[in-house]
Amino acid sequence: MREEKPNSPSQKNKSTRKNRWFWPAIYVGIAVVFVGMIWGYNALIQKGPNETADVAIDPNAPPVVETNAANEVLKYPFDEELFDDVSILQEYYDAEADEEMRENALLVFNQTYITNKGVSISVDGQPFEVVAAMSGTVQEVIIDSFKGSEIKIAHANGMSTIYSSLTGILVKEGDEVIQGQSLGTATSNEWNAQAGTHLHFEVHKDGNPVNPRSFLGF
């Protein structure tokens with residue numbers, strides 16, 4: 001039989017040195033992992049309330065417009081700096097109004113009287129920028145050279161607004177618009193030629209027209 005040689009002192013020292021560093025190395029590795037987990041957790045919870053984790057952004061995705069229309073109040077469909085030059089040419093037809101106001105709210109076309117469902121707004125008879133009176137979604141766009149183009153916007157509070165006698169439409173159906181955003185320019189039209197350059201503005205509540213004067217101090 002072959003005689004086994006006892007380990008030399010140098011071999012014992014090598015083995016001892018290896019064993020001496022094995023467990024400390026394990027402990028150090030665990031500690032590094034633990035510290036990394038704590039650091040990552042702290043970085044996560046320290047994000048502000050409006051911050052979110054990084055996500056991939058699609059450059060082709062359409063912009064998202066957040067609206068607070070439910071909390072907004074109706075504003076003028078024109079730049080408020082023009083207010084001193086604004087006049088109401090034709091009133092909303094209110095059956096309970098006085099005779100003069102009712103007469104002013106009758107539109108005539110082809111010798112036929114039609115009750116006005118909104119107000120006809122003029123700014124010194126000149127074209128002016130028409131803006132969204134409230135944030136919402138463009139529900140309908142009608143291009144009509146005879147009556148002037150029309151935009152209908154639905155709002156989160158159950159209201160809708162209609163802007164007629166327009167040219168240069170800047171929005172399309174389905175667009176999300178914010179209050180004060182430009183929609184187009186007031187113009188004249190053949191259907192209501194006597195009003196000249198004007199904006200026909202309507203406000204509807206739950207599908208029914210209401211007097212814009214109930215919301216705006218013209």
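Which residue takes a positive phi in the hairpin of strand 11 and strand 12? The views below start there. This is a predicted model, in which local features need pLDDT of at least 70, side-chain atom pairs count only at pLDDT 80 or more, and totals for chains, interfaces and linings use all residues. Residues are numbered from 1 along each chain as its sequence is written, and side-chain values use heavy atoms, with hydrogens and water left out.

**View 1. The hairpin of strand 11 and strand 12.** Asp-206 takes the positive phi, near 55 degrees, in a hairpin with two residues between the strands. Strands here are DSSP runs (E, at least two residues), numbered from the N terminus. Strand 11 and strand 12 (residues 208–210) run antiparallel and are joined by three bridges; two strands pair if DSSP finds at least two bridges between them. Look for Lys-205 with its bridge partner Asn-208 in strand 12.

**View 2. Strand 11 and its other partners, strand 4 and strand 8.** Strand 11 (residues 199–205) is largely enclosed by the rest of the structure, because six of its seven residues are buried (under 20% relative accessible area; exposed is over 50%, partly exposed in between; 1.4 Å probe, protein chains only). Strand 8 (residues 159–167) runs antiparallel to strand 11 through six bridges, and Tyr-163 has Phe-201 as its bridge partner. Strand 4 is also antiparallel to strand 11, with three bridges; here Ser-120 is partnered by His-200.

**View 3. Gly-125 in the loop between strand 4 (119–123) and strand 5.** Gly-125 is partly exposed, at 37% relative accessible area. Its C-alpha atom is separated by 5.3 Å from that of Thr-197, 72 residues apart along the chain.

Note on methods. Helices (H or I, at least four residues) and strands (E, at least two) are DSSP runs, numbered from the N terminus.
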